[in-house]
Amino acid sequence: MLIKQSADIPSSEITPRDLYLNRRRFLAGIGLSAVVAGLGIKELVSPSSEALATEKIDGIQKSAFSTTEKVTPINDVSHYNNYYEFSTEKEDPAKLAKDFKTRPWSVTVDGLVAKKQKWDIDAIMKFASPEERIYRHRCVEGWSIVVPWVGFSLSELIKRAEPLGKAKFVEFTSIHDPAQMPGQRQQILNWPYVEGLRMDEAMHPLTLLCFGMYGASLPNQDGAPLRLVVPWKYGFKSAKAIVKISFTDRQPSTTWNEANPHDFGFYSNVNPNVNRYHSQAHERRLGEFRPRPTLMFNGYDQVAGLYSGLDLAKNY
Amino acid sequence: MIRFIKILVFVSCLVPLGLLAWRFFGAHPSDMSTWGAGLGANPVEALEHKTGDWTLRFLLITLSITPLRKLLRVPVLIKFRRMFGLFAFFYGCLHFSTYVWVDKFFNLHEILADVVKRKYITVGFTAFVLLIPLAVTSTTGWIRRLGGKRWQALHRLIYVSAIAGVIHYLWLVKADIHEPLEYGAVLAALLAYRVVVWLRPSSAMRSRAVAPMRGKVAIE
Ligand code: HEM
């Protein structure tokens, strides 16, 4: 028999033959390595900048709350979106949200209110005249933008909802529609997305019920047709594509807090001194190279009174 | 032939960097105001992520050499392992520099706080630091100086580095752990191969592991 265990063959004998006779296999091996490397080169295409399907909003008033800082280009604000319902890649929502349906759209108002209601989006938009609010917007990931949002204070809607005296919190629920939102087909977060505010935070005039930006309706990837903008809190507090607003006497359980209670608290006020998820002392304004210091409450000092007596290191 | 292919592989390993630079500098490299635009709205983040991706990819490519050459029986692949390992270190240096320079702008206070307190930075830093002695002792001279056995033992640190690299990735993502898990699965397979080889008592691979090869040492 000629069967020989390979262990019996001194390696000094094998090596040269393997080395010089197996050119074909060798090439196959190199080819395979190349494929492994090639798998990585999938990100060749640059972000696109196609026209946005938005409609101009008429009669927009200026607001004293607006900052005079340089506004971030609309292309950045509409092509760099943390919108996990579509994708966890920030370049994707611009493409994936293109055909998202924002009409017909209604918002249910329930919980501790005088009367449960269902409002059409176009009716809601007429509750008050639209204002342009140029706000700083700070992401918990460490970047920031300046956006001219269009909307009016959330308090305008809350007044019409007639919450009962017992209502202490407001809970915002975003749409759950896996057919339209590919990101929701995976259990990355607990869908639907839920956010919440304390009643006094929700009633604060800075808190914006938003349906537009840059003078036109919201692009789908930015939370159309209706979203929240709470400029002194990290961006994820500003729920997008809202379908339900509930008034409760208990602190709502919010999506990011459920996902990672250590890093993402219920309050999530912008705070350079509390470093849960990242070091939050600095931020990078999109379009700028050097990091800049992050301001307490994102520079909106007028909300400080809401938290007097509250230990913000514990209530992060 | 080998020489030619080595040059080819070397150039290929630079392609990711070339693409990054291409996109970073864009169509008008002399106009500084357009720098970064090709990398999207947040070029710093893009640089940090792409260099991190390639560090991990090259670590995995390096670790795949031994299984590939054994399973495909292409021993000559060993001639490329050092190059891949050094490229892992090279992209790691770019990744670390991106962090220190463009992300943190040499803010030593914040960097130190990060390394000590942010656990994903701590493991990433560990993964990177472990690669330094491996890069330094990657030369034939060092193999001779240390002796095959000791050199081999030292270079097993790459396992720790790759594991730390995957944990780094796993801990830094906010919620979507798909990608780190994919890398983790590849790493697990590559490590499982070693475990199997080590557990097989009469393994040819093991006995060959320290056998001399044309005056040098073949290390699996
Ligand atoms: C061998 C060592 C390392 C490997 C393999 C590695 C790998 C990675 C990978 C794969 C990513 C994610 C890229 C993506 O999301 O596409 C990443 C991100 C990152 N790495 Fe590393 N890394 C290493 C060392 C380091 C070191 C030494 C530091 C800093 C001290 C560091 C800081 C970062 C930061 C800040 C991010 C981005 C985090 C974020 O955006 O949230 N890494 N790294």
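Colleague: Is F24(B) buried or exposed?

Modeller: F24(B) counts as buried because its relative accessibility is 17%; the cut-offs are under 20% for buried, over 50% for exposed and partly exposed in between, with a 1.4 Å probe on protein chains only. Mind that this is a predicted model, where local features need pLDDT of at least 70 and side-chain atom pairs 80 or more, while totals for chains, interfaces and linings use all residues. Residues are numbered from 1 along each chain as written, chains are lettered from A and ligands numbered from 1 in written order, and side-chain values use heavy atoms, without hydrogens and water.

Colleague: How do I read the ring pair of F24(B) and W35(B)?

Modeller: You describe a pair of aromatic rings by the distance of the centres and the angle of the planes. Here F24(B) and W35(B) are 6.1 Å apart centre to centre, with 50° between the planes, so the pair is tilted (centres within 6.5 Å; under 30 degrees stacked, over 60 edge-to-face, the rest tilted; Trp by its six-membered ring). F24(B) sits in helix α1 of chain B and W35(B) in the loop between α1 and α2, eleven residues apart (helices are DSSP H or I runs of at least four residues, numbered from the N terminus).

Colleague: Which other ring pairs with W35(B)?

Modeller: F25(B) does, edge-to-face, at 5.0 Å centre to centre and 85° between the planes. F25(B) is in α1 too, so this pair ties together parts ten residues apart in sequence. W35(B) is partly exposed at 31%, and F25(B) is partly exposed at 32%.

Notes:
Helix = DSSP H or I, 4+ residues; strand = E, 2+ residues; numbered from the N terminus.
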